[in-house]
Each structure stands twice: as structure tokens, then as C-alpha cells.
Amino acid sequence: MSTTKNGDDHERFDGDVAAYVLDALEGTEVRQFEEHLEHCDQCQSELAPMRAAVEGLPAGAPVRGAPPDLKDRVMAAVRAEAPRQAPKKQARHWPIARPRLVASATAAAAAVAVAIVLVLGGGNSTRIYEGVVHAPGASASLRQSGSSAELRVSRVPPPPQGRIYEVWLKRGARAPQPAGTLFANGTGTVSVPGNLSGVQAMLVTSEPRPNGSRTPTRAPIIVVRLS
Amino acid sequence: MSPALRIRSPRTGSGSPAGLHRRSDRELLALACEGDADAFELIYDRHSTVAYSLAHRICGRRGLAEDVVQEAFLSLWRRRDRYDAGRGEVRSWLLQIVHNSAIDKLRRSDVHERRRASAEGIEDELEAPDRPDEEVEQHEQATVVRRVLEALPDEQRRVVELAYFYGLSHRQIAEQLEQPVGTIKGRMRLALLKLHGQLTAAQDPVAGVKVRR
């Protein structure tokens with residue numbers, strides 16, 4: 001019987017390295033094996049080659065190209081969350097004085113969310129931020145007046161079955177925080193509670209009914225930049 | 001000189017789109033940590049095909065596979081500052097996220113869903129979709145890995161597939177195959193050691209299997 005540095009018998013865990021790297025151990029077996037692994041030279045020596053073998057398995061799956069719109073959705077979310085100080089393609093290639101353009105719902109425009117800010121007259125300054133909606137013919141805008149804000153949506157398709165739209169507020173490098181607003185109608189106005197101070201962007205994603213999620217699980221269908 | 005030409009990126013040279021392509025995954029992720037979405041987009045371009053292929057192989061359905069891949073890349077983006085190069089390649093980390101998420105979705109689906117997913121997967125196989133150029137490399141890697149897998153004795157290949165692609169534990173596999181648990185573990189061990197040996201031997205054509213970018 002082979003023994004390990006701490007006296008554990010290796011034979012008790014013989015064969016467990018493979019099951020471990022294949023994630024085929026159950027419940028407490030994982031922790032027990034990891035404790036054994038820490039002191040077992042023999043298991044440690046098998047760990048690297050077996051892990052390398054498992055890392056090769058994904059390449060054995062039948063090849064399927066990811067749908068192009070999947071990339072659009074992923075990168076729209078990434079760019080919406082990217083810190084503002086990050087270098088952007090347009091900033092490197094367009095003249096500084098070039099006016100910012102209103103984004104359409106095309107895939108190319110969807111990659112970079114652009115907002116138009118209108119400052120209306122009157123005692124209470126009102127700002128309207130035009131958002132980008134990743135749906136043909138749809139539009140969305142955020143109207144901020146004092147401490148209140150409303151999201152106006154038009155012709156946004158209904159959320160997928162079993163899901164509801166949830167509003168998120170993005171500040172700096174932090175993960176988007178739920179704004180507590182849920183809606184299912186693709187046309188109408190919903191209030192966005194909370195202080196918008198420091199909010200970099202407002203996002204809308206479809207989340208499971210009835211209460212939404214704690215963190216976004218889908219790429220946003222609406223992105224409104226506030227800064 | 002136009003204003004555009006006076007603008008200099010902090011990534012001048014290697015930071016240009018062409019320069020980014022020469023960067024390793026680790027370097028791209030480091031740039032992504034600084035907020036560079038372009039660098040992250042290149043990571044997506046490099047690994048989305050294998051990620052989607054793996055998700056589809058496990059879930060068997062397009063919709064679920066899309067959800068898995070989307071969640072995995074966003075998870076990679078949101079946790080990019082936690083990457084530990086000492087624990088493996090960026091690609092391995094990403095595919096681990098994809099695998100865990102896909103298996104989790106598979107385990108949560110009921111038997112009926114699994115069967116339906118399997119049927120849809122077969123239909124997809126029959127569709128024989130066109131493969132654009134960027135998938136050719138991945139296709140070549142898949143061919144090599146499948147050849148190595150098929151060279152394994154059936155009983156060894158089966159336990160690896162049931163564990164990795166179906167998310168079954170060693171006990172579940174033992175029950176399904178009506179074999180002792182010790183036998184199943186032994187087959188797993190032999191299979192993985194052979195896989196490692198043969199993949200290493202085929203290192204050149206399978207360079208992409210490890211993709212040490």
C-alpha cells in the first residue's frame with residue numbers, strides 16, 4: 001500500500017484524479033479528495049496530464065459556428081459596461097470635431113451605444129437621453145427631470161415567454177444594479193426610481209418572471225448612455 | 001495632417017487592430033481589464049466557435065447553447081480582473097465556464113427535455129450547416145480530437161463522454177453501465193492518460209487543442 005506524506009492511504013483515492021478532473025465526484029468526495037491531493041505526490045503527478053486531456057475534449061465537439069447576432073448581443077453588453085476612459089475604435093479613427101451621430105438599430109450601430117441629450121428650458125432642467133434598442137423599428141428614451149426619471153419605450157418586442165423586462169443602472173466599473181423596475185409592455189412609459197447620480201448607463205434585459213434577477217442574465221435589449 | 005491622424009492610442013503599434021491580432025489571449029485580457037472592449041472582442045472571435053460547439057454538444061439545443069455562450073463570455077468580461085495566469089490559459093478558463101454552465105442547464109432539464117434536446121441535436125447534425133472559413137481551423141482540431149477519442153476502447157470512451165458531455169457522476173455511470181464504481185474510475189483514468197499521450201503525440205496538428213497563444 002502506498003502512503004502519502006500525511007499518512008493517508010493513496011489506494012483509498014486510487015482513480016479519483018480522473019473522476020475529479022472530469023467533475024464526476026459527488027458531494028463531499030470532492031473536498032475529501034482535494035485534502036488528499038494536497039499531500040499525495042502520486043495524485044499530483046497525474047493531475048496535470050489528466051487535466052490537459054480534459055482541456056482537449058471541447059475541441060472534439062462537432063463544430064458549429066456561433067450565430068452572428070450572438071456576438072452582437074455579447075459585445076453590445078460589453079461595450080455598454082466598458083469604462084468610459086477605455087480607448088474606442090471611433091476615437092482613434094474619427095476627427096475629434098466630428099459630431100456624434102444618432103445610432104440606428106443596425107448591428108454596426110448597436111456596437112456602440114450613443115445618446116442624444118436634450119436640455120429643455122424651464123425652471124426644472126429636463127434631460128432626454130435617446131437609447132439604442134436592439135430590435136428593428138423600436139425606440140427608447142430616458143427622460144430625467146430633477147430626481148425623477150421615466151423610461152419611454154416604443155415598439156419594443158414583448159419579452160420571451162416566462163421573462164419580463166428589468167431595468168438596470170450601471171455606475172463605473174461596478175456590476176449593473178437592479179433599478180426595481182419591471183415591465184412587459186413594449187410601448188409605454190415606466191418610472192425609474194432611485195438616484196441617477198453617477199449612473200453611466202441604463203440597461204434593460206429580459207429576466208425570469210415574476211421578480212427578475214439580482215444580476216443580468218441576458219445581454220441588454222436597450223442601452224441608454226447617460227455620460 | 002487631419003485631426004484623426006494626430007490622435008494616438010496608448011496602445012500605439014501593438015494596440016492597432018492589426019497589432020491586437022498579434023497579442024496573446026493573456027495580453028488581450030490584460031487590455032480588457034483596462035476597459036478595452038476591442039481586445040475582448042478578439043478573444044470572442046478566437047474562441048466563440050469552440051465555446052458554442054461545446055455548449056451545443058452538451059445542451060443539444062441552439063437556444064440553450066446561445067444562452068450558455070452569452071453568459072460565459074459576459075461572465076469572463078465581468079470577472080476579467082480575477083484571471084489567474086497560474087491556473088491556466090484564458091481559453092481553458094472560458095471553456096470551463098461554458099462546460100459548468102452547460103452541464104448545469106442539462107442537469108436542471110428533465111428527462112423529457114433531455115430526450116427532446118437529443119432529438120433536436122440529431123436534426124442539427126443532419127442539417128450539415130455550412131462552415132465559414134473561420135471555423136475551418138476549429139473543424140480540423142475537432143477531427144483530430146475525435147480521431148483520438150475513437151481510437152480509445154469503447155468502454156473507456158463511453159465513461160469519458162458520459163462524465164464530460166452528459167455531466168454524470170462516477171456512480172451514475174456505474175449504475176447506467178451496470179459496472180462497479182472502481183471499474184468506472186479505472187476506465188476514466190486509463191482513458192485520460194491515453195488521451196493525453198495521443199494528443200501530445202499529435203501536438204502539431206492539434207496545436208489548437210491547447211492554443212498556447
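1. Let's start with chain B: among its contacts (heavy atoms within 4.5 Å) between residues at least 6 apart in sequence, 62% join residues at least 24 apart. Please keep in mind that this is a predicted model, where local features need pLDDT of at least 70, side-chain atom pairs count only at pLDDT 80 or more, and totals for chains, interfaces and linings use all residues. Residues are numbered from 1 along each chain as its sequence is written, chains are lettered from A and ligands numbered from 1 in the order in which they are written, and side-chain values use heavy atoms, with hydrogens and water left out.

2. Chain B has 12 helices and 0 strands; helices (H or I, at least four residues) and strands (E, at least two) are DSSP runs, numbered from the N terminus. Of its 213 residues, 51% count as buried, where buried means under 20% relative accessible area, exposed over 50%, and partly exposed in between (1.4 Å probe, protein chains only).

3. Strand 6 (residues 163-170) and strand 9 (residues 201-208) of chain A pair over 8 bridges, and here Y165(A) stands opposite S206(A).

4. Now the charges: the structure holds 19 salt bridges over all chains, each a side-chain nitrogen of Lys or Arg within 4 Å of a carboxyl oxygen of Asp or Glu. One of them links R31(A) and E35(A) at 3.1 Å, N to O; both lie in helix 2 (residues 28-37) of chain A, 4 residues apart. R31(A) is partly exposed at 47% relative accessible area, and E35(A) is partly exposed at 42%.

5. Which residue forms a salt bridge with D38(B)? The partner is R79(A), with the closest N and O atoms 3.1 Å apart. D38(B) lies in helix 4 (residues 37-59) of chain B and R79(A) in helix 4 of chain A, so the pair joins two chains. Both residues are buried.

6. Within chain B, D154(B) and R157(B) form a salt bridge at 3.0 Å, N to O. D154(B) is exposed at 53% relative accessibility, whereas R157(B) is buried at 19%. Elsewhere, salt bridges that share partners join K71(A), R79(A), D38(B), E41(B) and D45(B) into one network.

Key: Pairing = 2+ DSSP bridges.
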